[in-house]
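Me: I'm new to reading structures. Could you walk me through the terms used for this one?
Reply: Gladly. Take a look at it, then ask away.

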Amino acid sequence: MRLLSLGSVSKYYSSTATLAVDGASFELRPGEVHALVGENGAGKSTLAKIMCGFESPDSGRIELRGEGLSFGSHRDAERAGIGFVPQYSMLAPGLTAAENVALGHEPRMLGVFADRRRAAYDFSILADRYGFVVDPDAVVSTLSAAERREVEILRALSRGGDVLVLDEPTSILGERETSALFALIGRLKDAGAGIVYISHRAREILELADRISVMRSGRLESTVAASDVDERSLADMIMGGASIPAGERGGQEPGAAMLELRGVSLGGRGADRLDGADLVVRSGEIVAVIALGGNGLEALEAVACGEAEPDSGEALVRGRPVRSYARRELVSGVMAYIPTDREGRGLCAKASVALNAVARRLPSYSFREFAAGEAPLADAGAILSAFNVRNWPRRRIDTLSGGNRQRVVVARELERQASLVIAANPAQGLDGSSRAALFSRLSEMRAAGSAVLILSSDPEDASAVADRSFALYRGRLKAVGPADESAIAAALTGAAP
Amino acid sequence: MSGLSAFLTDAIAYLAPLSAVAMGGLATEYVGSLNIALEGLIVVGAFSYAVFGLLLDPVAAYVAALAVPAAVAYASDLFSRKTRADSFVVGLGVNMLAPAAASIVSQAVFGTKGVAVVPGLQAARSFGGLAALPLAGPLFGQRWTDYLAVAAAALVALALARTPFGTRARAAGMNADSLAMAGLDAGRVRGAAYAVSGLACGAAGAALAASVGAWVPSMSAGRGWIALVAVYLGGKRLGGTFAACALFALLLSLANGAQAVSSAPAELLMSAPYFLTAAVVIAGSARSRRRR
């Protein structure tokens, strides 16, 4: 029995002259989680968009329960019972959570007016049913990344379909939100729904998936039962063979303190706050701080990069308060910064890939060089080649997939030897080989004397390269042994040691 | 009528069309593409009212004064969406084209490129009996077209604040993807907002033409631009925009009134509204800079 099936679907983008999906056939059964894996740019997101009516294929068929369909827009797909959770936010930031979910299906009073109370009520019923806790009247821009993802999931579920397509849903979720999501997926599955799950995380896929399909260069190469693979072979399937090098660990003694937090407290949004954090990152070492959503990681990031003034305590970069630096000074080699909020703070969405790649070098161009455009374009090519971003320097960056955008940010920030690197969720959206390139570049920078601070919600980021690791739980830092995952897990969840 | 109540009556007559135009502008600001053709659309509305007033009757003229600018605004947006032309440039084009086209048609219909009086088109003052009331007096005795302009402003404001259309318009301006996720077409929402702005400008144009019962070239007198300024000064919010409109109406009718009583040179007083606008803009931007 097939729920959804795609037969020999192809999609060609003339703007970039790429065949994003090349004759892919895919089927989804009721009550199964079907994982879709592959490198960045392999065509997973495009295939998902075709299933959900955002893109129409150039050729091939789509069938739902054996009936041929063609979607003119996502609304058609939604009517047919297909919900979509996009990789990056497609919410209106100034509207409330309830308004976003109700958009296009607004409950009305007297047939004309928007019934906001009804929308908020419907939202809380929906959130309750699926075990989420989000304030219906909270404006989306004030929510944390994890809460926004929950709103996004609720929107997909609100139309009551039986096919759900999730595009890297856990990339910014903490452990608690992730397990809530998994429990939810389990319940939907038991109810007979089919779930398409796009992810790079081997462990998650093995935990969730019934079948796994691998995409490479737009082709759907193979489909296997999840019970036939182990973590190792799945990782190879996802990464196409690359693995994370161990790196030169502990080759030298750490040098002078580059970043120092002394008793820093900051009351952040909701639960996300810091409570008297002390942390030193010296040159020649990599320190990782791991936290689940809402435990103070966002506050720590804001203080360390100088965005927020601590309520008490000090944040020093090379012995000077970080807030006392002029932005230009920080950018010119003191600090490299990969923000969690890639779309809002890491990129200029309306500029080209090349311009985003050379953003840090802009002050160094003369007007003539910049206007001619050749020097920036050549520099962009050089910067991006380190992370294998090719082909589209002139495209607007917001036409790229999330993983490719992340590669641009990482390539730009790690291009030069900065004294201090602050990398917040640096591997979000990256596939295996890019992740490996990221961590090997960070170890290289450590060997050359950079101080590196990794802030992440993924414990694997710490075990990859860090010399020292800390868990952040309810705003407090706790040292944990490197690569000791069970200790990290205990500290992260506040479990007894 | 005392001097004060005459002044307030004047201010309200100024505010009525201005607030309609500003609310129309705000609708397009909500969708993230401020319509800068408001000035030209007022001209289209006023001229349509005069032409159809001559050919048909005042009610048909009023309907045409709403429909024609709405259609022009919708078409201009459709043009910039389909050809991917910059909406700012298209809007400037409408502003330049509107008076020129009116002038040509005016020659054909009225036989003049100048002022064309249309008999029977001047709108009557309504509720005149209540105009003597203390305090509330100036609210009455306005022309019915002014009341309709206020109604248009109120309807647009209500639509923006309280209907799904308003929510969708805001969503379109913030993140068009959010509409795509809801299965809605951001382009259509934008087109609707443009049509609404044209309609509101039409109500204002009709009110202007009806106040003198004639078509007067350049009778919009910068109201479309002042409305754009009001949208910005008001922080792109409903209440703020209306407050900015009220401020302009008070200042401008003050300057108008001064012409009658002051011995200052007439040229200076006639240019006072524009100086006042500039002064308010400078004060407003200084304030918002401080806030940042």
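Me: Start with A203(B). Which residues does A203(B) touch, leaving out those up to four places away in sequence?
Reply: First, a caution: this is a predicted model. In it, A203(B) touches A20(B), L66(B), L148(B), A149(B) and A152(B), once residues up to four places away in sequence are set aside.

Me: What makes these count as contacts?
Reply: The test is a distance. Two residues are in contact if their C-beta atoms lie within 7 Å. A203(B) and L66(B) are listed as touching, so they pass that test.

Me: Which residues have the most contacts inside the largest nonpolar core?
Reply: A200(B) and A203(B) do, and that core has 169 residues. Helix α8 of chain B, residues 186–212, gives the most to this core, with 16 residues.

Me: Why is A221(B) called partly exposed?
Reply: Count the neighbours. A221(B) has 15 C-beta neighbours inside 10 Å. Buried needs 20 or more, and exposed needs 12 or fewer. The count of 15 falls in between, so A221(B) is partly exposed. A221(B) lies in the loop between β2 (214–215) and α9 (223–233) of chain B. A221(B) also has a positive phi of about 50°, although it is not a glycine.

Me: And what makes K236(B) partly exposed?
Reply: K236(B) has 15 C-beta neighbours inside 10 Å. That is between the cut-offs of 12 and 20, so K236(B) counts as partly exposed. K236(B) sits in the loop between α9 and α10 (238–261) of chain B. The phi of K236(B) is positive, about 60°, though K236(B) is not a glycine.

Me: How many residues does each chain bring to the contact between chains A and B?
Reply: Chain A brings 21 residues and chain B brings 17. On the chain A side, α2(A) gives the most, with three residues. That side divides into ten nonpolar, five polar and six charged residues.

Me: Where do the domains of chain A run?
Reply: Domain 1 covers 4–239 and domain 2 covers 257–492, by the domain assignment. Their C-alpha centres lie 28 Å apart.

Terms used
Residues numbered from 1 in each chain as written. Chains lettered and ligands numbered in written order. Predicted model: local features only at pLDDT ≥ 70, side-chain atom pairs only at ≥ 80, totals over all residues. Helix = DSSP H or I, 4+ residues; strand = E, 2+ residues; numbered from the N terminus. Core = buried A, V, L, I, M, F, W, Y, C linked by C-beta atoms within 7 Å. Nonpolar A, V, L, I, M, F, W, Y, C, P; charged D, E, K, R; others polar. Domains from an automatic or database assignment.
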